[in-house]
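Thanks for making the time this morning. I would like to take you through one model, beginning with a pair of helices and then moving to the pockets and a sheet.

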Amino acid sequence: MLLDVAGVRGVPWLEPGQGVVPEDLEEAERRQGVRVRPGDAVLLRTGYGRFRHESGVASGFTQAGWHASCLPWLHERKVALIGADTPQDVQPSGYDDVLMPVHAVSLVAMGLWLLDNCDLEACATTAAELGQWDFQLAVAPVRFAGTSGSPVNPIATF
């Protein structure tokens, strides 16, 4: 399912450094009429893809994204996969000792799959037009030995 936090906040995109917190996720659920359940894939739209498309500029290492305070929420909901239109973590994260706490905790301690840098604009447009924020998500990674990542082309089927 797609949680369009930028849309819920009424802005085209979140500004670099703006973190998404559990209250944002719950407000998106309420406004979009969905509920994150065990086994769900949750895609977070910050609007960064739209910003890149319209400006042609990447914001560098400062970006909007999941705040680490979302990790207990995701764990309680037993989410299987998270994705975002950024590299996941809000930067700066606010944690000096851990560069990317969402990556570190979700991968290592929670076993979550991550989809970084998704282009969610077409998905968000379709979801808004249909009034349907949940869909089937197909992701087929390439198997590489000795690595934790793979290029993928996720497909949302409404």
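Let me start with the helix contact, where Pro22, Leu25, Glu26 and Glu29 in H2 meet Cys70, Trp73 and Arg77 in H4, contact meaning heavy atoms within 4.5 Å, and helices (H or I, at least four residues) and strands (E, at least two) being DSSP runs numbered from the N terminus. By class, the residues of this contact divide into four nonpolar, no polar and three charged, where Ala, Val, Leu, Ile, Met, Phe, Trp, Tyr, Cys and Pro count as nonpolar, Asp, Glu, Lys and Arg as charged, and the others, Gly among them, as polar.

Before I go on, please keep in mind that this is a predicted model, in which local features need pLDDT of at least 70 and side-chain atom pairs count only at pLDDT 80 or more, while totals for chains, interfaces and linings use all residues. Residues are numbered from 1 along each chain as its sequence is written, and side-chain values use heavy atoms, with hydrogens and water left out.

The axes of helix H2 (residues 22-32) and helix H4 (residues 70-77) come within 8 Å and cross at roughly 50 degrees, the axes being lines fitted to C-alpha atoms, for helices over the stretch in contact, with angles running from 0 to 180 degrees between N-to-C directions.

Turning to the pockets, a pocket here is an open set of points on a 1 Å grid over the protein atoms alone, where a 1.4 Å probe fits, with protein on both sides within 12 Å along at least five of seven lines, and lining residues have an atom within 4 Å of a point. The largest pocket is lined by 21 residues, of which Trp113, Leu114, Ser148, Gly149 and Ser150 lie nearest its centre. Its lining divides into 13 nonpolar, six polar and two charged residues, and the largest share, three residues, comes from S6. The lining of the second largest pocket includes Leu43, Asp119 and Asn153, and by class it has ten nonpolar, one polar and one charged residues.

Finally, an open sheet of four strands has the order S1-S3-S5-S6, with parallel pairing, two strands being paired if DSSP finds at least two bridges between them. Its edge strands are strand S1 (2-4) and S6, each of which pairs on one side only.
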